[in-house]
Structure formats: structure tokens, C-alpha cells
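The sequence and structure are shown first.

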Amino acid sequence: MIYLDNAATTEPNGEALARAVAFAQTNYLNPSAQYGGAVLSALKEAREGILSKIADPAQFELIFTSGGTEADNQALESCGRRNLVISAGEHAAVYETGVHLKSAGTELRLAPIGKDGKVDADALLSLVDEKTSLVSVVHVNNETGAVNDIFSLAERVKAKFPRCLFHSDGVQAFGKLPVRLSRNIDLYSVSAHKIGGLKGTGALIKRKGVALSPYLHGGGQEGNLRSGTENVLGILDFFYVAEEKFRTLEADFARLAGLRKRLLQSLDECFVPISPEDGSPYLLTVSARGLRGEILQRLLLERGVIAGTGSACSSKKPHSRVIEACGYGKDISDGVLRLSFSQKTTEEEIDFAAQALNAAAADLRSRIG
Amino acid sequence: MEKVIIIRYAEIHLKGKNRGYFERVFCVNLERAMKGLRHELHRTSGRYLVANFDEAQTEEICGRISRVFGVHSYSVGLSVPYDAESIYRAAKEVSPREGTFKVVTHRADKKYPMTSMELSAHIGGRLLDEFPALRVDVHEPEHTVCLDIRENGTALVFGKFERGAGGMPVGTSGKGLLMISGGIDSPVAGYMMAKRGMNVELLHFHSYPYTNDGAKEKVKELAKLLSKYSVSGKLITLNVAHIQEEIHAKCAAELNVTLLRRFMFRLAEKIARELNAKCLITGESLGQVASQTIEGITSSNAVVSLPVLRPLIGFDKDEIVLVAKKIGTFETSVLPFEDCCTVFLPEFPAIKPKLSFIEEEENKLDVDGLLREALASKEVFAL
């Protein structure tokens, strides 16, 4: 089976997991206990290790969470209650949190996105005012792969309103894009299982000096911002996979960019690209015009390829919110397929998948006329 | 003093010479419902008695009994020797502590030294002495203490009457085949026919790849819920995707649903005959959707010779929902699933299709070939 839904989750890295299990099995003591020093040191090393991959530990700190969703929730929930500006292309973890805050009285302002899923920078800036508590823009759009230039956006926001916080969901970017956080980024969410780690582990990276309120109350772990005994196994595994992923980040980036281009070129004309050319090399979203993505997904499964869809077919919720926000009509929104890669994806797999996609689309077209 | 469950049956007493048959089937169904739980089932005149069970499983046994069709009501009570002192001790156990009550005595043993009235008065009087907050009200009491004097020297003492599922024992009204979808209506239709004693088999049409396995799983879940009511232990599925494709490609769009229904009915009849089922059952309710008009029903009926039972035909949606909630299928029925296939749904389905037009359109298709192909896709799932 060829797995091309790596944006949903990735195969866990076996070696890293074995190392983490071996450590957690032996070092099972509670890191907060007086005698838990060895575990505490390992967590400290993991924390600094993960953080240093993307930011300067002198300027940033890292709070471990149960994943990207929790990190996003914490970022939004603890940042003021005046108005919140987010892009229309946000992942549900940000969007739904925004909707929730709106129901609690915070004004929610949605910045439009273009056909490729990128936020309209000028429109976003025009929504920010002196009462904006936080701006949140996804780094890599998880449905289209569009890369938002969060650094320039953050700089522009800060130039206008220095006290306004800037958050970005970096779940699809961390370990994949060769970037480092600038000082204008106040908060950044990351997740382990998109790069070979375990589900249930993530982190919120925070610029030092940014005041957050505790998200979970209790024993005061994570600098009192996220109480609960640390997920030692998940955190160490996250550290080990990050070490490995960042070692080959640039090479993977270049190789997958080539594979992605190759895949797009091998697809029949009926497949319309949704992803922008300069999008993340880890993700290619296309639409099989006039066909239904989830039916194609099942036909692909029969042919040995696991692909993602933009949405599940249901009479109640026919299309993805984000794809609709991109401004596509029904014929394109219906047919969305998301193909996403990992560093393990090979050229042979891409060629096989391209054939399977073309065959499945032709098959379906002949069946429904 | 032994804990027992007294089961009274519903309409079986109306049956004349066939009563023995109905009682035997009822007994088998009760035994099946209590399978795996320690118990003894005794038949006495006009009722059944569950004895020698694990008291900790009383609730579980009652739950299962409550779903057996033919059970009119049941009571958890005590079986004691029928001397007045033992009866009083048991009555004290089941008696309310306050409020209004009356004691009702029924004597199967007419040689019992006290009349029913005397025994009721005796026990009632002692209970009043014991519990000062009780008051007697023989007309509209809040509670009743029942004493049932049996001929074998025992008495059954109980308080509450719990309502059973009613209806007839499943299996006494032949066998039918339910066309079950993932919606609210068809499970209710199956329940209603089972309630009237019908052995209900289950057939589901799916449309892979246009519908996904989630839809099938949902129907399996519904079938499992229905099996608690002695509905079939298996689910048969057929794939009608190619039939839909052919109709879509060759026939007038407004007839898509009408034509598909005719295929489904033909397929159901074939499966029914294999299973020796004597009728088809659907969850149709008149006018609920475009295919459920009298013209739609006529068009479907025209292709089968077995009778088609539509127990919900005169029900409003909210009435159906009430039953679905009562039997526990509603929550599963409303789960979202890929009910797709809007791909094949016409924008304006024909509400009053003419039979001649339907047949004309259908003649464009290889009906027998498509039926053979769909039958070859048959899968059977044990629940």
C-alpha cells in the first residue's frame, strides 16, 4: 500500500520509538519528584533540542502539549478578549477555537484567502487595529499546502501594533520547511506525529516575555502553563525524530519538491492543481474536476494508494470550509484530493500513484458519464 | 423466601386451539433471551416464572425479558410458602413505606383457608400497623401489593407491574425480509413487524464505491440493536452501484430513484424467496419523499408478487422518531455517514411517475443481467 496521506499523520519512526521506550521503561520516575532528576534532565535536553531546531533558545521557550490542537487552543485562549484576527484558511484547531471565543464575546475577524489558500496580506492588515489581541495565520495551509509568509506578516502587524501578539500554527511546517522563527513570532504550534513521532505530543513555542495564562491547572508543570505529569515517552520520541528529521530537512525539501512536480506533471488534464507552485513540497492538492474526491479515494484504495480528501461526502456538509474559502465552486470543491508525502516517499511510489490516479479518474468518469 | 420474576403474556390468551403452539414459541424466545444467564423458566397457568437466578443479574434478566415480544408485563417478586406469616414477611419486603396502597389477592388454590378479601384485609392491616405513614386507598392507590396464592402450596408476592414489549412471540407470524437502510424509518418498520410475531430477516443495499464502509458499519450497528428484539442475527448486503450507473447513463434523470427502487424490490424478492420469507417489509411512509407517493409505491409493487408490508405508511416522521428513540435505534440512525450519492440524485425526482413511462425507460436496461450481477455481490454478515 502506498501511503500518500502524510499530512494526516506519518508512520512512526521505529528506531526513535525504540530508544524512547527503552528510556521511559527504565526511567519511569515522576520528573517532578525530588528523586526524578534523570527524567527531568532528559526532558530538559529534549525541550532545548526541539526548540533549537527552529528558534533561538535564548529568545524562545517551549511548552509541551498534547499536540497541535492543544497548542493552538492555549495560544488563542490565553490572549486577551478584545478582537482576534485569523485567516479563513486556518486549521479547525484555530478556527473553531476562534468561533468558541466569539460565542464568549470576543470579536472574531476573518481575513480572506486566495485560490491557493494563502491569506490576503493587505486584507489581514486592514483588519488589525489597536484592539486586536492576537493575529493567527497558519504557516503551511494543511489543505492546500500554501505557505504563508508569516515572518513578513508578523513584521507588518508588529510595525502597526507592537503589542498585538502573532501566532502561527506550524504543524505542517515544522521539520519540513527550512525556517527559523523571528522575534516577531510570539507563538508557534508544532506537533510530533506529522514528522514520525507519536500522536498525543506537541508543543507551543513561545517568545520569552509573552505572558500566557495557564491552560491546565494542577501541579504546575511546564512553568505552570500546562499542568500534568509530562508525557515522557512522547516527548523523548519527539526529540529523537526531530533530531533525525532536521538532519535531512534541506535534502528532503529539495527531493520532495522534485517528486511533487513530477506527480503533478504525470496527472491527466482533468486534475486541476489547487496547491500553489511555491507551496510546501510535502503536499499536493488537486481537484478531479466534475468527480467526487471521496469516491476517487475509495477507487485509489482498491488500487493500492491511500490518499486524503478535502472533505467527506455528506449531504449535511458537502465541502471543506477552507476549500470553499478559497473561492472554488462545486465542480472543483467536490473533487478535491490531497496527496501528501514524507521523507520516505519514493519516485516509484509517485509514479505508481500517478498511474493509479489517472486510472481511477478515467474509471469513475466512464462509470458515471 | 426466593426472588422470582413473574411474566404475563399478551395476546396469546386470545388464541384458541393454537394456544399451545404460541406458548411453545414464546417459551423458546424467553429462553433465548436469557441465554447465558443462570435461570429456570417454569410455566404455570397463564404466566411464566423465572426462578433460581443470580440476584445480582436481576436487572439484566428483566431488561432482556422486557424486549421479548409477547410479554405483556412482568414483576420482580418473592416466592414463599403460603402460610399467612410467610406471606406477611414477603409483603413487608415489597410494601411501600409511605403513601396510599391496597393489597390485592388472587387465589388459584380455592381451598386456601382464607378468602381473597380476608387475606388482603389481614395482610393490609398488619402492614398499616408496621408502617404508620401508609394509608389505604382501594380506588386509586399509589402502590399495590399483590398476593398470588398458587395451588402448589406457594404464594407469589410482588409490588410493581413493569410493562413488557407487548405483541406476539417472534416466529408465530412467519418470516419477512426487511429492506434496511441507515436511516430512522426502516429499523422501526422491522421492529414493528417483529412485534407482531414476524421473523424479520435483513437486507441492505449499498453502493460502493459511491458509499463507503462506514455506511455499511452503521447498518450493521442498527441490525445489532434490532437483534435484541429477536430480529435476524445476520445482515445480507447487495451492491447496486452498477445498477445506479446504468440508470444514470441511459434513463431519464427524474426516474433515477423510481427505477432503482424497482431493482431493489426485485432483488429483495429474490433474496426473500431464498430465505423462504413470505413478504417484503419497508420503512416507507406515505408522501415522506418523492419515491414514497402512491404512484411510487405502485411502481415498486408492480415488479414483485410477494406482499409488501409498510407498517409505517400512516406515520408522521415525529411518530416514527418516538418509536426509534424507544427502541434505541434513533441515535445510531442519525449519525452522519457518507450517504452520498448525490452523484445519482436527480434535481427534480418524479413525484407521480407513469408506469408506462417507467417501463419504457427501464427497457433501455439489461434488467436480468444487472440483477444477476447485483445478486453475485451478496455478502452475509453475522451480527
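## Asp334 of chain A

With which side chain does the side chain of Asp334(A) make a polar contact? The partner is the side chain of Lys330(A), at 2.8 Å. The model is predicted.

Asp334(A) sits in the loop that joins helix H11 (330–333) to strand S12 (336–340) of chain A. Asp334(A) counts as buried because its relative accessible area is 10%, and the cut-off for buried is under 20%. When neighbours within four places in sequence are left aside, Asp334(A) is in contact with Leu291(A), Arg292(A), Gly293(A), Glu294(A) and His319(A).

## Second largest pocket

The second largest pocket holds about 450 Å³ of space. Its lining consists of 28 residues. Those nearest the centre of the pocket are His91(A), Ala92(A), Ala93(A), Asn142(A) and Lys194(A).

Three helices of chain A give two or more residues to this lining: H3 (68–77), H4 (92–103) and H10 (321–325). H3(A) provides the largest share, with three residues. Sorted by class, the lining has 13 polar, eight charged and seven nonpolar residues. Both domain 1 (14–247) and domain 2 (249–368) of chain A supply at least three residues each to the lining of the second largest pocket.

## Domains of chain B

In chain B, the domain assignment gives domain 1 as 2–163 and domain 2 as 175–382. The C-alpha centres of these two domains of chain B are 43 Å apart.

How values were computed:
Residues are numbered from 1 along each chain as its sequence is written. Chains are lettered from A and ligands numbered from 1 in the order in which they are written. This is a predicted model: local features need pLDDT of at least 70, side-chain atom pairs count only at pLDDT 80 or more; totals for chains, interfaces and linings use all residues. Side-chain values use heavy atoms; hydrogens and water are left out. Domain bounds come from an automatic or database domain assignment. On a 1 Å grid over the protein atoms alone, a cavity is a set of points where a 1.4 Å probe fits but cannot get out, and a pocket is an open set with protein on both sides within 12 Å along at least five of seven lines; lining residues have an atom within 4 Å of a point. Grid points are joined across faces, edges and corners, and a volume is the space filled by probe spheres set on the points. Helices (H or I, at least four residues) and strands (E, at least two) are DSSP runs, numbered from the N terminus. Ala, Val, Leu, Ile, Met, Phe, Trp, Tyr, Cys and Pro count as nonpolar, Asp, Glu, Lys and Arg as charged, and the others, Gly among them, as polar. Buried means under 20% relative accessible area, exposed over 50%, partly exposed in between (1.4 Å probe, protein chains only). A polar contact is a pair of N or O atoms within 3.5 Å; within protein, one must be able to donate a hydrogen and the other to accept it, and residues adjacent in sequence count only if both atoms are side-chain atoms. Contact means heavy atoms within 4.5 Å.
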